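I wanted to go through the annotated site and the disulfides in this one. My notes are below the picture.

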Amino acid sequence: MKWLEEYNEELRQRQAKSAEANWAQSTNITDENAAKVVDVTMELTKWSLKKMEEGKKFDTSGFSDDVKRQFGMITKSGSSSDEEKTRKVAEIGTELEKIYSTSTACLPSGTCLKLDPDLEGILAKSRDYDRLTWAWLSWRDAVGPPMKDKYAEWVALMNEGAQENGYADKGVIWRGAYEMPNDTLEEMVDGVWEKVKPLYTQLHAYVRRKLSETYGEDKVLTTGHIPAHLFGNMWAQQWNNIYDIVVPFPDQPAIDVSDTMVEQGYDPLRMFKTAEAFFVSIGLRPMPQTFWDKSMITRPDDREVVCHGSAWDFYHLPGDTDVRIKMCTKVNQEDLQTIHHEMGHVEYYLTYEDQKTLYRGGANPGFHEAVGDTIALSVNTPGHLKKIGLLQNIEGNQGTEFQINELLKMALSKVAFLPFGLLIDKWRWRVFSGDITPDKFNTEWWNLRMKYQGIKPPVERTDEDFDPGAKYHIPSGTPYIRYFFSFVAQFQFQQALCEEAGHDGPLHTCDIYQSKKAGAKLKNMLSMGESKPWPEAMKAITGQDKLDPSAILKYFEPLEKWLREQNKNEELGWE
């Protein structure tokens, strides 16, 4: 017990040091900061491996489940004991992230554009087919080729570390975070996908028809796959930026409060304060002073940073809390939603901060993503935006047309995402297992995107290209199935919290703002951290112990009915 206590404390200190080094590099990309990240990663890995060997010497068979759980976590590793290899993994990882974060696409005039906000802005706003093709292609050509061989080397090293520890490959370790018996995670998510696929297929057919009307039959056929660069998003992962093209009832009042926020003088700080007020209203904690002092909430002018929004826990002890958010905030509704998402992570950190260090994590990686998104489901309702003074032109409950508009807009972000959330790790698991070899990285990537999303590249791609590298989570080595899990679980959470709040009416109109009862239920689950397997945390909040898509299907039921009607003469699917 003494050994465990000392382990948890030393782990906490080392995690804090690691967070500081990574924060320094993310908020100021320099070779010097990158070298520090490698050093601190090496130290942590070396220490963990040493402790793992010590931990294996204990006979824990007579101990409590809690102690066994901790030892189980300590004695699992995917790292190589070969210091040279470990350093190489860290160096390649840092290098891949640097390529991603500093690459640009240059115009013939010599002007070079960054991914965020330049290229992403073109994808979101331009409706010029050729300009979209240029932006889509330029980004992939900038990052893919320099990454490809490095990525293959990174995979090989990750696998060597896994195999040294008795695992078939690194994918087994990643899936292990879900504690599914007999490695059945893929089976579980496939089962969930089969149930939501009919809804996605209806959305796909409707959007395909609208894109064909906009760009012409010669560019977008009304059958088969849709070109990947027309969805308003660099990765076609969420389609909300093309709402103007697909809006069902254009005469209905729109709920984009971005302009109103600008008119009302919102700045990034006020957006963060607005999010904080939501969490406080349901009984969760306000952000500590250090949060305001140390977070990076706008893009600095004087240095390169990683703009990808993220929440950070610096593993301080209760009473000396240090949690932060890093974001290049723009004043618009989408970023207001992202802030609620990131602050959801921070509330999770704050609620489990008195757990042992080993348990300072989400019940599984998907839980952490789902918390803030659940809150954002409330924040996006017209009722809520009205309450906080951002919606003036909407009176009472609007009719069916208004509801369909709102649901479609939400589906473009939530339903459109599901196959993307599923296929990224399907690709990586097969890369790790050796089923997809480097000479087929790109072909197999597109096979999966065509199969699951029903989209295709706008221009011919070959295996000289490395299009997976154009998505942040690939070079950063961040597992992705958590987002698929989260996009289903957040609706389960929302349904349970809405019941607790006494909400009466359709699920998509529920706002749990100011409900202390809903907050208490959420807090109870958050406080568990990683101390129990996730089905127990799921049960604590929803009463169910599995991932269940019935809540997301219920949420979008009125829309699915409407889409079926619209699509009755369409050829569904894309096989």
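**Ground rules.** I am working on a predicted model, where local features need pLDDT of at least 70, side-chain atom pairs count only at pLDDT 80 or more, and totals for chains, interfaces and linings use all residues. Residues are numbered from 1 along each chain as its sequence is written, and side-chain values use heavy atoms, with hydrogens and water left out.

I looked up the UniProt record, an unreviewed entry, and its "binding site" annotation covers Tyr-178 and Arg-482. UniProt positions are in the numbering used here, feature names are shortened, and annotations may be inferred rather than shown by experiment.

I found Tyr-178 in the loop between α7 (170-176) and α8 (185-215). Helices here are DSSP runs of H or I with at least four residues, strands are E runs of at least two, and both are numbered from the N terminus. Is Tyr-178 buried or exposed? Tyr-178 is buried, with a relative accessible area of 3%. Buried means under 20%, exposed over 50%, and partly exposed in between, using a 1.4 Å probe and protein chains only.

Arg-482 sits in helix α19 (residues 481-500) and is buried too, at 18% relative accessibility. Leaving aside neighbours within four places in sequence, Arg-482 is in contact (heavy atoms within 4.5 Å) with Tyr-178, Pro-365, Gly-366 and Glu-369.

**Disulfides.** I searched the whole structure for disulfides (cysteine sulfur atoms within 2.5 Å) and got three. In sequence order, the bonded cysteines pair 1-2, 3-4, 5-6.

- Cys-106 joins Cys-112, S to S 1.9 Å. The S-S torsion is about 105°, so this disulfide is right-handed. Cys-106 is partly exposed at 42%, and Cys-112 is partly exposed at 38%.
- Cys-307 joins Cys-328 at 2.0 Å. The torsion is about -90°, so I logged this disulfide as left-handed. The pair ties together parts that are 21 residues apart in sequence. Cys-307 is buried at 12%, and Cys-328 is buried at 9%.
- Cys-498 and Cys-510 have sulfur atoms 2.0 Å apart. The torsion is about -100°, so this disulfide is left-handed. Cys-498 is in helix α19, and Cys-510 is in the loop between α19 and α20 (516-526). Both Cys-498 and Cys-510 are buried.
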